Amino acid sequence: MSRSAHPAGPRYADVLPEGHYSAPPADLNALDPKVWAQTVGRREDGVVTVGGLAVTDLAERFGTPAYVLDETDFRARARAWRNAFGHDADVFYAGKAFLSRAVVKWLDEEGLNLDVCSGTELATALSAGMPAERIAFHGNNKSPYEIERAVEAGVGRIVLDSFQEIVRVAHIAQSLEKRQRVQIRITVGVEAHTHEFIATAHEDQKFGIPLAGGQAAEAVRRALQLDGIELVGIHSHIGSQIFDMSGFEVAAHRVVRLLRDIRDEHGIELPEIDLGGGLGIAYTSNDDPREPHEIAKALTEIVTRECEAARLRTPRISVEPGRAIVGPTAFTLYEVGTIKPLEGLRTYVSVDGGMSDNIRTALYDAEYSVALVSRVSEAEPMLVRVVGKHCESGDIVVKDAFLPADLAPGDLIAVPATGAYCRSMASNYNHALRPPVVAVAGGDARVIVRRETEEDLLRLDVG
Ligand code: LLP
């Protein structure tokens with residue numbers, strides 16, 4: 001690996017007066033446990049390790065870029081969520097954040113359920129042995145084929161997202177001589193404090209049936225009339241990467257009010273309420289996420305209080321965290337390529353991946369942090385933008401960060417907190433081959449999703 005220094009870029013002192021950047025961290029070699037997976041540390045020689053393995057060895061064995069996933073951390077977080085909610089509640093891991101057969105097995109072993117939102121996520125879950133009754137099936141436009149597959153498999157619940165779907169699922173279930181357990185997803189009309197593209201409880205978006213104007217109540221009326229379905233609960237998901245609990249509280253309040261209205265109108269108490277996922281994680285040291293037990297306590301208390309006020313039996317609560325479980329457990333390992341200092345601006349550090357393995361920065365203006373992981377450095381901090389190798393200037397992985405000024409091509413850098421919505425949203429842009437997911441635990445590493453190959457890509461090109 002080359003260790004030669006390159007011409008230094010602008011110094012932070014030159015750019016800080018503009019007020020756009022936070023100050024560099026006191027110690028560039030430090031790894032903030034808030035953003036790094038649980039077993040990450042530095043060896044005496046400065047090389048970062050995870051699960052007892054050196055990243056330099058992982059890069060050698062599996063190549064770069066690679067998602068490196070800390071299985072111990074994943075299991076610990078899954079368990080923490082499970083324990084926080086106890087036996088009177090269910091935790092459905094949201095597979096859209098990252099799904100693979102190994103992950104399904106870990107979830108099964110740790111006692112979590114699974115939320116899927118496509119026929120192929122369902123197929124993945126079933127092929128890894130997740131019992132169908134512990135699977136919830138989501139989606140705003142499930143195809144008849146997907147519905148049929150889910151009903152036939154015997155999924156625990158289908159979350160109905162529209163008036164048309166109420167009829168569709170009832171009809172398909174009836175034709176299969178089944179009675180499918182369903183929840184109705186409603187939009188409670190709260191503005192979640194998050195990026196517009198991942199907020200889902202306001203009215204002007206595609207998910208759910210609005211509470212407003214009595215639409216949710218009407219959906220319940222219709223669902224209760226159909227033989228093919230058994231309405232067991234109400235679902236609300238307000239958005240993603242949310243830190244402020246007040247949106248969940250308003251949602252819980254409104255969902256319970258609907259349960260009360262249903263009891264008053266129909267004389268039945270629906271036994272389930274699902275408050276969705278969406279809990280934020282730390283992408284940088286500035287983020288302060290809540291612990292699962294705090295979230296569980298806050299949500300359980302509000303539902304219990306609201307139900308007491310409405311004289312309802314407290315329904316069984318479920319939640320659907322995705323990012324909060326898998327997000328912090330992985331980092332993306334890259335090799336540094338071209339380094340381009342731009343006088344008076346910043347230094348562009350190009351890596352061997354980019355928007356094809358992490359689209360979140362381009363799509364949501366997401367913030368990430370980055371560290372040099374193949375060695376330590378005492379060089380002074382240099383303001384950098386970490387970019388990929390794709391053919392557009394929006395191909396940014398980390399917008400603003402500090403790396404040591406002696407950074408050189410061949411160094412390994414890693415971007416933490418990439419476990420959620422990175423591999424699952426990866427693309428083949430510029431015919432990039434999607435990176436592998438390498439799971440590490442107790443000194444062992446194994447590929448759980450292999451790197452794509454040129455043959456994989458060419459096999460699809462049948463022209
Ligand atoms: N439940 C439902 C119904 C959902 O739609 C989602 C996420 C979740 C649970 C899990 O949310 P989480 O706990 O992971 O925040 N690609 C975006 C996030 C999209 C979230 C979509 N739905 C991102 O990278 O930020």
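**Figure 1. Salt bridges across the model.** The count here comes to 28 salt bridges, a salt bridge being a side-chain nitrogen of Lys or Arg within 4 Å of a carboxyl oxygen of Asp or Glu. This is a predicted model, in which local features need pLDDT of at least 70 and side-chain atom pairs count only at pLDDT 80 or more, while totals for chains, interfaces and linings use all residues. Residues are numbered from 1 along each chain as its sequence is written, and side-chain values use heavy atoms, with hydrogens and water left out.

Figure 2. Let us start with arginine 75 and glutamate 71, whose side chains meet in a salt bridge of 2.9 Å, N to O. Both residues lie in helix H3 (residues 71-85), four residues apart, about one turn of the helix. Helices (H or I, at least four residues) and strands (E, at least two) are DSSP runs, numbered from the N terminus. Are these two partners buried or exposed? Arginine 75 is buried, with a relative accessible area of 16%, and glutamate 71 is buried at 14%. The terms work like this: buried means under 20% relative accessible area, exposed over 50%, and partly exposed in between (1.4 Å probe, protein chains only). The pair also belongs to a network of salt bridges that links Glu71, Arg75, Arg79, Glu109 and Glu110.

**Figure 3. Arginine 157 meets aspartate 274.** In this salt bridge the closest N and O atoms are 2.8 Å apart. Arginine 157 sits in strand E8 (residues 157-160) and aspartate 274 in strand E12 (residues 272-274), so the pair ties together parts that are 117 residues apart in sequence. Both arginine 157 and aspartate 274 are buried.

**Figure 4. Aspartate 411 meets arginine 375.** Here, too, a salt bridge is formed, and its closest N and O atoms are 2.8 Å apart. The partners come from distant parts of the chain, 36 residues apart: aspartate 411 is in the loop between strand E18 (396-404) and strand E19 (412-416), and arginine 375 is in the loop between strand E16 (371-372) and strand E17 (381-387). Aspartate 411 is buried, as is arginine 375.

Figure 5. The protein is divided into domain 1 (13-70 + 328-460) and domain 2 (138-321), with bounds that come from an automatic or database domain assignment. Their C-alpha centres lie 36 Å apart. How many residues does each domain bring to the contact? Domain 1 gives 11 residues and domain 2 gives 11 residues, where contact means heavy atoms within 4.5 Å. About 1100 Å² of area is buried between the domains, and carbon and sulfur atoms give 57% of it. Buried area is the accessible area (1.4 Å probe) that two parts lose on being put together, summed over both. One salt bridge is found across this interface. Six residue pairs are in polar contact between the domains, both residues at pLDDT 80 or more. A polar contact is a pair of N or O atoms within 3.5 Å; within protein, one must be able to donate a hydrogen and the other to accept it, and residues adjacent in sequence count only if both atoms are side-chain atoms.

**Figure 6. The nonpolar cores.** The largest nonpolar core has 111 residues, and those with the most contacts inside it are Phe74, Tyr93, Ile184, Ile234 and Ile413. Helix H9 (residues 246-266) gives the most to this core, with eight residues. At least three residues are drawn from each of domain 1 and domain 2. A second, separate core of 25 residues includes Ala54, Val68, Phe331 and Ala371. A nonpolar core is a set of buried Ala, Val, Leu, Ile, Met, Phe, Trp, Tyr and Cys residues joined through side-chain atoms within 4.5 Å.

**Figure 7. Serine 350 and its surroundings.** Serine 350 is found in strand E15 (residues 346-351). At 19% relative accessibility, serine 350 counts as buried. Which residues does serine 350 contact, leaving aside its neighbours within four places in sequence? They are Glu335, Val336, Gly337, Thr338, Val387 and Gly388.

Figure 8. Arginine 43 belongs to the loop between strand E1 (41-42) and strand E2 (48-50), and is partly exposed, with a relative accessible area of 36%. Beyond its neighbours within four places in sequence, arginine 43 is in contact with Thr49 and Ala54. Valine 167 lies in helix H7 (residues 163-175) and is partly exposed at 47%.
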